[in-house]
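Dear colleague,

Please find below the structure I promised to hand over, followed by a summary of what was found in it. I would be grateful if you could read the two side by side.

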Amino acid sequence: MSVVVEFFGTGTSHGIPVIGCDCPTCASSDSRDTRLRTSTLIREDERRIAVDTGPEFRLQMLRAAVPALDAVLYTHSHADHMNGIDDLRIFCYDKPFPVYGSKGTIDDLLVRFPYVVSAHSKYHGDGLPHLDVNVLNPGIPVEIAGFQVVPVPIVHGGLVAFGYRIGGFAYLTDCNFIPEESYFLLEGLDVVVLDGLRFTSHPTHFSISQAIEAANRIGASRTYLTHISHDAGLHADIEKKLPSGICLAYDGLILECSS
Ligand SMILES: [Zn+2]
Ligand SMILES: [Zn+2]
Ligand SMILES: [Zn+2]
């Protein structure tokens, strides 16, 4: 058994290129230097889960030719991970669409997008998403769309975000610290995806050297860095500086992971 992971977006909150920036990364002709906001798709057979719905969610679904979706896992409520939420309405024509997150994430979601749970009598044609919002508990596995999903608490500045583990794959974007108890949830991984914003430090994201340190501790067979800033430089240059077993993700990258 294996899950397939497709990187929808691997850029930090501004995306790359950044509006109005003419730095070498933003001007690069290497397609791997164009990064939409961070999101990913996890699939096995005909079952599909998206992690986050950023501002380019619709474009990402079209680009990957995804015909259907079973659920969305939210890592946290920042705009670059949630602001495409309205485009879930295509999946709500005859029943509410299930989304999941921590209590804090779902509370924020309902403050920012209260209309997604409006009790409208007809689903079809009212122009609104109709979501079935579900709170997950840290570290407690739950079955979603036939996948065994483990929410992994991670620290992202002043908030606790969730990473998610599905089988031998774990996805930990947007974090600057992994709590001790979360490392126990990350044992025996085939692939881990970690935040790796840039080389210099940042108060809410791992720098690349901090991500390497965490990757070494986790000890997955393969590590991919995501949520990349234009400040990190060119994809080709960054990769040369990474130790073996650690790679830089890019938009459209597809991986197969043992479950
Ligand atoms: Zn982010
Ligand atoms: Zn730039
Ligand atoms: Zn964030």
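Asp 174 bridges two metal ions, the zinc ion (ligand 3) and the zinc ion (ligand 1), and the distance between these ions is 3.4 Å. Please bear in mind throughout that this is a predicted model.

His 78 and His 156 belong to distant parts of the chain, being 78 residues apart. His 78 sits in the loop between strand E4 (71-73) and helix H2 (79-82), while His 156 is part of strand E8 (residues 147-156).

The zinc ion (ligand 2) has a site with other donors: SG of Cys 21, Cys 23 and Cys 26, together with ND1 of His 230, at 2.1 to 2.3 Å. Here the angles among the 4 donor atoms are 106 to 114 degrees, and the site is tetrahedral. For comparison, the ideal angle for four tetrahedral donors is 109.5 degrees. The spacing of these donors along the chain is C-x1-C-x2-C-x203-H. Of the cysteines, Cys 21 counts as partly exposed because its relative accessibility is 26%, and Cys 26 counts as buried because its value is 11%.

As to the fold, the protein chain contains 6 helices and 14 strands. Its radius of gyration is 17 Å, close to the 18 Å given by the globule rule for 259 residues, so the chain is as compact as a globular protein of that length. The C-alpha atoms occupy a box of roughly 55 × 45 × 35 Å along the principal axes. Of the 259 residues, 53% count as buried. Among contacts between residues at least 6 apart in sequence, 65% join residues at least 24 apart. The accessible surface of the protein chain is about 11,000 Å², and carbon and sulfur atoms account for 53% of this area.

With kind regards

Conventions:
Residues numbered from 1 in each chain as written. Chains lettered and ligands numbered in written order. Predicted model: local features only at pLDDT ≥ 70, side-chain atom pairs only at ≥ 80, totals over all residues. Heavy atoms only, no water. Donors = N, O, S within 2.8 Å, 3.2 Å for Na, K, Ca; no water. Tetrahedral: all angles 85-135°; square planar, octahedral: opposite > 155°, others 65-115°. Buried < 20%, exposed > 50% of the residue type's maximum accessible area, 1.4 Å probe, protein only. Helix = DSSP H or I, 4+ residues; strand = E, 2+ residues; numbered from the N terminus. Rg over C-alpha atoms; globule rule 2.2 N^0.38 Å. Contact = heavy atoms within 4.5 Å. Areas by Shrake-Rupley, 256 points an atom, 1.4 Å probe, with all protein chains shown as cover.
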